[in-house]
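Please open the model in your viewer and keep the selection panel at hand. The stops below take you from one selection to the next.

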Amino acid sequence: MSPSVIRGIFDVFSLTSILVLLVLGMAIIVGMMKVFNMCQGEFVLLGAGTAYLSYQYFGSVLLGILLAPVVVGFFGLVLERTVIHRFYANPQGALLATFAIGLVIRETVQTRMAAQSSLVPAPISSSVNIGGAVLPIWRIVIMIVTLVLALTIALVLLKTSVGLKIRATLDNPELVASSGISTKWMYAWTYALGAALAGFAGAMIVPLQTLYPNLGYENLIPMFIAVMVGGLGQFAGPIAGAALIAIPGGVLSQFINPVSSQILVLCFAIVFMRFRPMGIFQRGR
Amino acid sequence: MNKTIRRKNLLKVSGIAVGVLALSSTLLVAPSQAAPATGSPIKVGVLTDMTGAFAIVGKSNKAVAQFTIDEINKSGGVLGHKLVMDLADGGSAPDVATQAASRLVNQDHVSMVVGGVASFTRVAVRGVIATRGKTLYVWPASYEGNECTNNVWNTGSAPNQQVDPTVKYLLAQGKKTFFLAGSDYLYPRNILARVRQDVLAGGGSIVGEEYVPLDMTDASNLTSKVVAANADALFEVVVLPGTAPFIKGVVDAGYKGTIAGTLFDEGINPLIGTEAQGLIGVQDYYGPIKDAFSQSEVAKFNAQHPEAKGLFTSTFNAPAWYRSIYLWKAAVEKAGSFDTAKVNKAMDSVSLSKSIGGPVGFAPGTKHLKLSMYLGQSNGDGSETVLKSLGQISPYQCSAATN
């Protein structure tokens, strides 16, 4: 294989793993909880910001990557108990409320930033040479971490008692409550988990980009498309959806210009949703 | 009978109404055109982005405007009048900028407006200020060319002044093949069109040209195409926040050619990091240029405006803001009046023998400046090395088909 073919394949895997990583949190909050969380992008931004601040004050991006899920998860927990839980019966209200929260976070970061964008270096900045193609190690780390994280979450949800409680709560809260489990805190912790995953994703990907106020917001649209293509109701749907739009996007843009490939992928997503309105794993009704 | 009286009244009322309307419309226009009372302060409209994506540029612009106005006031003002800054926030968005410009022109009746950071702001406000507002508008930014609206004056560098010498240098260095990459909008497309023209005219060849959407967060595909094409030189106009990831990606993937662009200097390099090492570009000012006047003025600026220290850079349009206000002052003094029509006429040929960056002057009939330009190379620590002083480069000429 020539170096450019290796790079091409690598790019597709890299872009796909990044989108899947970004979508993990959303798969829980939007996919499973069915909260149309418009501030999911800002959770990513807050995670990236944590990495940046940790680099500024402690000189370590790696520490920031470990702190990001804790910080953003706690933020999500507080947000659920103060705002989100009021809107479970009112999806339109949740859409507006979370959009407003996202706007406030974005504008706050905007006014607090001293520059248009700030650099966050990758914890591992070196590259490896595979068959003549020079590939950044950090992107490989992201691929492995994404794969491990997605499998772990799926296993926890499907094979553990905590996962069973979460799924039961989202499926039939009344039954779970009458079985003596606090659904209030199940909801809160599930939302916090979704936020923590987004924060972690933000901290992981910010070294590949730069920190700027719209970092999360610009990723929100592809994230939402992934969830819509993948389908609501289960964890695996949005993950498969992310792969389904990232792979053709990555392949196409190697042959045609990126603007046209973006448009084509959107058309593909629309057509797909027309024929599989319930997502990848469920037949349309 | 009754009816005729009524009709008479109606005529009278409508007559008064027409009169009032006529009067009020003259009142609306009059203050900005009338000669100011002796000694009364003159308002200079300063339109920049204090909030939003370009807030950092706005911070620099505001400080430079205040510095320049203070300096002019200290030496006696303009025609015996002190200048005051009337600041309006464009919010990094065309709709906000339009309202801000309207306030400056229609409510505050400023004598002139200087400002705008992005070209979309210029396009949005030039009608409000220059065409309908009949107020002088100075556009102080390095831009893509083709702005020749009446009452608008360009004081930043244009493609021929930045691109031509950059491509000439690259060709002289033996670079034969070029890859062009940019963000997908007006500015990069126009800049790269000029690059293409210059490269082909100089005997080089273009091996690739690619644009990425502004909201594309990961340009790794573009990076791969650049690496695969392996051109001698890469001319890139991928704008912030995409600049740093793109250049880092290309350098880290082992690209060995020369990277050139229009947006590299001490303002942008720190955002790129160590990968900025070796970037080539041409600007109207760099920190280390050998010009005693520039050195002492910028030192004064940094002392008086510690909040904007290090923000006096070409990519933040600082030298252009400084000369904009001085060029307008020279035109007012030449015209002997603040009247827009007279100042507009005088602007056509004013020049400054000393300015930050070197001597500049309008070339009659072009609405653009003959500008002193410098070829620079970025260092990994954010600073610049001046490779060559290019002297004064002739102004941009609008093609007849525009505007």
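**A tour of rings and a helix**

Begin by selecting B:F67 and B:F301, both of which are buried in what is a predicted model. With the two side chains displayed, you will find the ring centres 5.6 Å apart and the planes at 85°, so this pair is edge-to-face. B:F67 belongs to helix α2 (residues 55-74) of chain B and B:F301 to helix α10 (residues 292-304) of chain B, so the contact ties together parts that are 234 residues apart in sequence.

Now widen the selection to B:Y285, B:F312, B:Y322 and B:Y326, which together with B:F67 and B:F301 form one aromatic cluster. Over all chains, the structure holds 14 aromatic pairs.

For charges placed over rings, select B:R189, which lies over the face of B:Y211 at 4.0 Å from the ring centre, and then turn to chain A, where the charged end of A:R274 sits over the ring of A:F275, 5.4 Å from its centre.

Finish on helix α5 (residues 159-172) of chain B, whose 14 residues should span 20 Å at 1.5 Å a residue, and whose end C-alpha atoms are 19 Å apart, which agrees. This helix is mostly covered, with ten of its 14 residues buried, among them B:P159, B:V163, B:V167 and B:L171. Just after α5(B), select B:G174, which takes a positive phi of about 90°.

Key
Residues are numbered from 1 along each chain as its sequence is written. Chains are lettered from A and ligands numbered from 1 in the order in which they are written. This is a predicted model: local features need pLDDT of at least 70, side-chain atom pairs count only at pLDDT 80 or more; totals for chains, interfaces and linings use all residues. Side-chain values use heavy atoms; hydrogens and water are left out. Helices (H or I, at least four residues) and strands (E, at least two) are DSSP runs, numbered from the N terminus. The expected span of a helix is 1.5 Å times one less than its number of residues. Buried means under 20% relative accessible area, exposed over 50%, partly exposed in between (1.4 Å probe, protein chains only). Rings of Phe, Tyr and Trp (its six-membered ring) pair if their centres lie within 6.5 Å; planes under 30 degrees apart count as stacked, over 60 as edge-to-face and the rest as tilted. A charge sits over a ring if NZ of Lys or CZ of Arg is within 6 Å of the ring centre and within 35 degrees of the ring normal.
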